[in-house]
Amino acid sequence: MNPPFDLKSRFHSVAEIHSAFLSQKVTAVALAQEYLSRIDASPHNAFITVSVEQALSLAEKADAAMAKLGPESAIRAQALLGIPTAIKDNLQWQGVRTTCASRILGDYHSPYTAKSVQALLDAGAVILGKTNLDEFAMGGSNENSAFGPVLHPTHLDRVPGGSSGGSAAAVGAGLCVIALGSDTGGSIRLPASYCGITGFKPTYGRVSRWGLVAFASSLDQVGPMARTLEDCALVDEIVSGWDEKDSTCIQIERAGPPSQPLDRPVRVGIPREYFQQGLSVEVERVLQASILRLRQAGVEVREVSFPASSAVISTYYLIAVSEASSNLSRFDGVRYGARPSETEASDSLDDFYKKVRTQFGPEVKRRILFGTYALSKGYADAYYRKACEAREWIRQDLDRIFEEVDWIMGPVAPTTAYLLGEKTRDPLEMYLNDLFTIPANLAGLPALSVPVGVENQTELPIGIQLQGPRGKDRELLSFARANFSFPEKLK
Amino acid sequence: MGDSKVESEESSSAGGLSFRQTRELASLARLYLTDEEVQLYTLQLRQILDHVEDLKSLSIPAGIEGVSGASLPLRRDEGVDFERDSEGRSMIVHCAPVLSPDGLSVPLVMKGEGVQE
């Protein structure tokens, strides 16, 4: 006889839940109710909208499918059947509020569903709600939200990282099993590292951006977050693929061909510049331990040179804010955006627009101003066009490195999760925190963050980052799965 | 903080972004800024602009031309026919609150004689 099933115990993976379904220890509805209760009792502020009605309806459908087909066949037909899932609140889900953590969207309800979200629904996922983020995904700490900051899953006085901090905290705190985030400069990988989970940014264009509210269109990418690499790979396979509605989507195989065994050792490059960039002692210790582990597994780890890394921060911020200032111009109260009562007394259209756009928070205003400056007459050549040249240099430099090695490994962030409020007064310091994650966005590369250890004194999680050539997403995930297992101290 | 204090601090600022420029940027971006915000954002943007100045002195190898991110090499959409009457387009247009033969209608922005929705 099976031991009594403890619904309060934490599920760590899709496989664990499906195993419980197969042995009929739990129903999808009971599971959804348990996770909704956890969200309700959680102090993390990870969710902006909890979609109780929709979640229970999806769970009922999952139970009905298992009753009709039998659990095994139903799970074979829908790979995420009954899985408690969260989506970042910059992704559209028809009929549900989308806020982008901004006051300016008011009570906007999505009129359609994002392609990536629809893929989850088609795979049987039970979406519990929409997670908190930095306003319009602008930030690295999740403190820039009109709905209040998200708290770190285990250290409540610290940030979870951002901008997909709600998704990361929700997975880390056991409020869902898988989540979608978006990554413009590290917004999946950074919070994944801080929260001790796994996050994957696919090759640019591999996952449709249809239904993702744009921050910086040439950099934004939707991707999975989960505790395990296996679940990230599973969700990636489900949400990736060609979409005619996104003109930047690329046509590559979803699952990719099986990797052929190499007749030489796998080569991993570590940019020497990464060790000159203010890494904390603990992050460097964990990175060195990962290098040792790979070498012991027969991987050839070598130092590589990445001279274009000196241009990364400036290039990224000029391009990102320029695109953001353009993308966010649509929030004017006519095309998009709530109209506060003050607009009724507007004496000109310009006055009206300004009253509507006052609803943006400080970080969004700062980036719009910066982007307007970078694109304005007389400065565009010096800033934006120069940044586009530097971007191409960075891309070519990374392509050259991938002629020498198969993968690039490095830190995700210079430090572990910092205290709430520690960096809010200094935007530049916050921007510099993105140094290691930005190159993958500028060059459109696949990159992942995987937890590998904890800081000795605080036991805060530390992740490392792996990047690969464009289109080698599945191989990158396979390499990571073969070489990194979930750290005991984070289980 | 009144305008007079902001102006006096502006006159003492040497080089970099001025308070006046920040106000002009805000106007271009259709943002209202309080005097406190003008001062704060000017100082912060100066710091950020000082940092990105390093781009000007970068020695980018010859022959590299600037590209936008959308021209990544894996794109395969050249020649794809994006139909104007595709399902997606129709769905989005259908979401508009009021459709008219000439386009989409939005709620009144300005109230006054001769203004129509």
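Two strands are taken to pair if DSSP finds at least two bridges between them. In this predicted model, Gly410(A) stands opposite Gln465(A), a residue of strand S11(A). The pairing to which strand S9 (residues 407–411) of chain A and strand S11 (residues 461–467) of chain A contribute is antiparallel and extends over four bridges. S9(A) also pairs with strand S7 (residues 267–271) of chain A, here in the parallel sense and over two bridges. In S9(A), Ile408(A) has Gly269(A) opposite. Strand S9(A) is mostly covered, with five of its five residues buried.

The contact between the two chains was examined next. Chain A and chain B bury about 5400 Å² between them, and 70% of this area lies on carbon and sulfur atoms. Lys354(A), Leu369(A) and Trp393(A) together supply 12% of the area that chain A buries against chain B, more than any other three residues. The contact involves 65 residues from chain A and 54 residues from chain B.

Helix packing also joins the chains. Helix H12 (residues 362–375) of chain A packs with helix H2 (residues 19–28) of chain B at an angle of about 95°, the axes being 9 Å apart. Because angles of 65 to 115 degrees count as roughly perpendicular, H12(A) is described as roughly perpendicular to H2(B). On the H12(A) side, Leu369(A), Thr372(A) and Tyr373(A) take part, and they meet Thr22(B), Leu25(B), Ala26(B) and Leu28(B) in H2(B). Classed by residue type, the contact of H12(A) with H2(B) comprises five nonpolar and two polar residues, with no charged residues.

Note on methods. Residues numbered from 1 in each chain as written. Chains lettered and ligands numbered in written order. Predicted model: local features only at pLDDT ≥ 70, side-chain atom pairs only at ≥ 80, totals over all residues. Heavy atoms only, no water. Axes fitted to C-alpha atoms, helices over the stretch in contact; angles between N-to-C directions. Parallel < 35°, antiparallel > 145°, perpendicular 65-115°, else oblique. Contact = heavy atoms within 4.5 Å. Nonpolar A, V, L, I, M, F, W, Y, C, P; charged D, E, K, R; others polar. Buried < 20%, exposed > 50% of the residue type's maximum accessible area, 1.4 Å probe, protein only. Buried area = accessible area lost by both parts, 1.4 Å probe.
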